[in-house]
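Please keep the sequence and the 3D view at hand while reading.

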Amino acid sequence: MCKIWIFGGTTEGRLLAEYCSREKIEAWVSVASEYGEELLQEELMESGNAGNPDLNHNTCLAKKNLKTVQASSVIKVLRGRMDRYQMEEFIRNQGIHLVIDATHPHARLVSEEIQEACGRTGVRLERCLRAEGEQNKARDWVEVDSIQEAVSFLSSVSGVIFATTGSKELEALCQIPDYQKRVYARVLPTSNVLKKCEKLGITGSHLIAMQGPFSTEMNTLFLRQTKAEWLLTKDSGRAGGFQEKVEAARENGTRVVVIRRPEEDGISLEEAMEVLKKADEGNVGELKTHLILAGIGMGQPSQMTGEVLRAIRESDALIGAGRMLESAERALQNDLLISKEGKAENRQESAAAVEKETKCYKAYLPDDVIQIVSKHPEWKQAVILYSGDTGFFSGASRMAERLREAGYPFTVYPGTSCVSYLAARLGTHWEDAAIYSAHGRELSVDRVMKRLCDPEEPAKRAFILMGGKNGAGQFCERLTQAGYGNVQVTVGENLSYPEEQIRSGTAEEMKKLEFADLSLILLEVTDEIKNVKQLKRFEQEDKRLLSADSVGVFPRIMLAAPKSGSGKTLLTCGLLEILRRRGLNPIACKCGPDYIDPMFHRYVLGIPGRNLDSFFMPAEGVRKVLVDAVREEQAGIAVLEGVMGYYDGLGGTETSASSWEIAEITDTPAILVLDCKGSSLSAAAMASGFLHFRKKSHIAGVILNRVSSMYYERLAAAVEEASGLPVLGYLPESEEYRMESRHLGLFLPGEIDRLRERIGRLADQMEKSIAVERVLEVAGMLPLRIENKEKEKAENESMEAESIAKFPACQEQKVTSRVRIGVARDEAFCFYYQENFRLLEQMGAELVYFSPLRDKKIPDRVDGLLFGGGYPENYARELAKNAAMRESIRRSIAAGMPFLAECGGFLYLHRTLEGSDGKHWEMAGVYPFDAYRTNRLRRFGYVRLLTSSGQEIHGHEFHYWESEDPGTDWEAVKPTGNRSWRCIHEKGGQIGGFPHLYYASCPDFLRKWLDVCAKGSQQKYIN
């Protein structure tokens, strides 16, 4: 029986099939399509290894519509796509003992399914890697992680694009402005692909249907014929003709955008052939270490399940945090007692386990665990220990994702959660409870209580896992401050241990007590609290803070678009200028993590722009930023600018952290800005599609951008008829108010010639062509309404009091003594979140600004330094010339001064920095290594950052420059969990790296850093 299964459909897969056929090694070979099957048959025919045509047959496999074909005397081709469950079934039914994954480097989902199936069946899996090929060390190209990032970048530049990424990515390319004119696509010559291209409108001379890979000369011919200014390609390696593509682009002077290959472990094609040979000889080889992700309950051996105890006894190694290892060692000591006294049926098994030496390793981050396991291939089994149950706020899910990527088989063993244990001890249950974790993260009192007081679907009770010094007591204190002193609280400490203690009382009573660091809270709300006081407070708060009908104080509008490059920033600036002229006192907020657009908002209004970001903050935090901004600026209207496409969120496939989610959280009406350059009736279809994509889209109107006055009336009528949305006006294209872009986005306001004049002309045009009064009506503003000043003052004071009650956490975060923080702020260091400054000041910090470009030393008597991002590469010469400032910084930091340095600020602290002029300039010299230009996007997008102390803080990366040593003290994880890497240098309170941090996502991190600054405030740092 055939025991080998090769996943092909690639050059490597065909070569492995040819090798098996030639060496008479029986194997199944999977291909996804009929075309892939034909190519494999041709390959075997040409090599003289095809089987007898009379033996060919088609059969249905397990009723899954999977066709098998006898391609040669030893090769069976399996055609059709399978999910993980079908793969598992096939492995078991066919008795497969070796799987080789030779799928395309960018077929991530398929590889993940294969890893999952092999992991669950314990079958050996080898990933056959594609050869890199020779690469130009200069690498004058832009690198991105996904097709969505490529689309975002290409939307911000102009020029014809020659796309060689395949038919699967064509839909994403349709998001690029004027894609039907700009994009030439090279695809496989199959009927399904051609139909898809026709459906998307990529036809005629813009479509090249040919089978590759192609020579350098052929690629050059295509680039010249299409007059391509950009080549879009995946890093498909040597077999995919990647080197020939980039070589042709270099010869033709075409810029290259590369979707980088996912980082993965595996073996070469030659090594895969060697594995096949040994497998055929009966030597499958040792399997990778099997890992068990085990929940150990509260920690006592008596609370561990039988399968977890058996795994601990039988494993070669135990891995986990210190407390987890101590619990496992107690379990092994119990085994020793059992084996000596002979009191249990499994005493022989226990005695054998005692004689075996089990190694223990302290580690809990996925990459650290994998590094340990990879160094011990002799281990057959190792256990990764987790507190409680693997399904309750543990790191097991993230560990499982990483193990799949690394190809390690694993099994998850659940444990007894402290929630079910405490519920059992109290004689209650948790089936109707809300469960939260405040272990290493900030938990809002309001979030928990609103769930308990929900008028439609209230939770009967809430369990909260606490962490940190007297976390339970502090939470009771916050409950009391927020007006919930009568809530019934039960706290369980050291559950299952001899020192176990369970205490109950009201929050008012319990706040005075001390509790163990690791405790579990049970909250129960009486009907009196639920139905009278709290529900009424929530209803009033929601109406006051986020209703367009309340006091007329909070009119708000969002300008959003289907894609980047549609003109959102341009129209936002024009609208802000109009509102400013009318004396309506507007404020502006940017959805997402962008730094540059808020600078334009500030340029127009003269006040800081804010960021509303639901990845950085929970929903209540987003609302708080908006409420605080309105209150602080005495605003008459808030204008929100969307980010990317309206529904574009995390990973390009979710609405999380999208403009739509911000509209949903803040209940803000949105106006859709449609870029109509190069389109006509499609604008109507787009408006209708966006309106109905979500049941509650919040879209209340449309503005047509880059439309002539002559064509506007007809197009507006078509849009209104198709969508039912009012068209509120248009903006014609004009050089008078166009804004230029570069590698990190728009040029900064100070770099754009005659910007004030441009914005003035933009506003003049918008007054003529956009119905501003109707925009104000959509925003909820009554144009002629005049507010009573005393009433407005009272409302603001009431809003402030309620905000403090609703968000007490930041009020408690002040450090023990006031500290002065020097903030580097000028043209070179200008990327700062306003809310970071706000939180620093709330925690008691005094911010003192200075310029590394112009000042001669850091400010006097500062206790810490903050270096934000920006464009130090554009000012490298000026920064280098200011030797006095560099020396002041270097000496102060050498003397121990704490600092936070992000991206551009981190580059400034290097020994040298390669400037935009290509020269290497001397910098502050805090870090003994150099920074250099790469001409490609290094990291892009949101990250979750795990600090060396186990805290999680959120951030964002976006940079073209790189460091010789970006640091390894923290771990960065993509929000989707599909990628992680080490980053950040941390030494005490001295922290530097590329990620931009959003402090409010982990206020405790900032508080601890300020505490370090405060403790050193008596030192005499050298200025």
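Helices (H or I, at least four residues) and strands (E, at least two) are DSSP runs, numbered from the N terminus. The model is a predicted one, in which local features need pLDDT of at least 70 and side-chain atom pairs count only at pLDDT 80 or more, while totals for chains, interfaces and linings use all residues. Residues are numbered from 1 along each chain as its sequence is written, and side-chain values use heavy atoms, with hydrogens and water left out.

**A loop tyrosine**

- Tyr999 sits in the loop between strand E49 (996-997) and helix H35 (1003-1015).
- With a relative accessibility of 2%, Tyr999 counts as buried (buried means under 20% relative accessible area, exposed over 50%, partly exposed in between, with a 1.4 Å probe and protein chains only).
- Tyr833 is 166 residues from Tyr999 in sequence, and their C-alpha atoms are 9.2 Å apart in space.

**Helix packing**

- Helix H22 (residues 568-581) packs with helix H23 (residues 596-605) at an angle of about 20°, and their axes are 9 Å apart; axes are lines fitted to C-alpha atoms, for helices over the stretch in contact, and angles run from 0 to 180 degrees between N-to-C directions.
- H22 and H23 are therefore roughly parallel to each other (angles under 35 degrees count as roughly parallel, over 145 as roughly antiparallel, 65 to 115 as roughly perpendicular and the rest as oblique).

**Salt bridges**

- Side chains of opposite charge can pair when their charged atoms come close.
- The count of salt bridges comes to 44, where a salt bridge is a side-chain nitrogen of Lys or Arg within 4 Å of a carboxyl oxygen of Asp or Glu.
- Glu767 forms one with Arg582, with the closest N and O atoms 3.1 Å apart.
- This pair links distant parts of the chain, 185 residues apart: Glu767 is in helix H28 (residues 755-769), and Arg582 is in the loop between H22 and strand E25 (586-591).
- Glu767 is partly exposed, at 31% relative accessible area, and Arg582 is partly exposed, at 32%.
- Glu887 and Arg890 form a salt bridge whose closest N and O atoms are 2.5 Å apart.
- Both Glu887 and Arg890 belong to helix H33 (residues 883-894), 3 residues apart, about one turn of the helix.
- Asp930 forms a salt bridge with Arg911, the closest N and O atoms lying 3.0 Å apart.
- Asp930 is in strand E41 (residues 930-933) and Arg911 in the loop between helix H34 (904-908) and strand E39 (912-914), so the pair ties together parts 19 residues apart in sequence.
- Asp930 counts as buried at 18% relative accessibility, whereas Arg911 is partly exposed at 38%.
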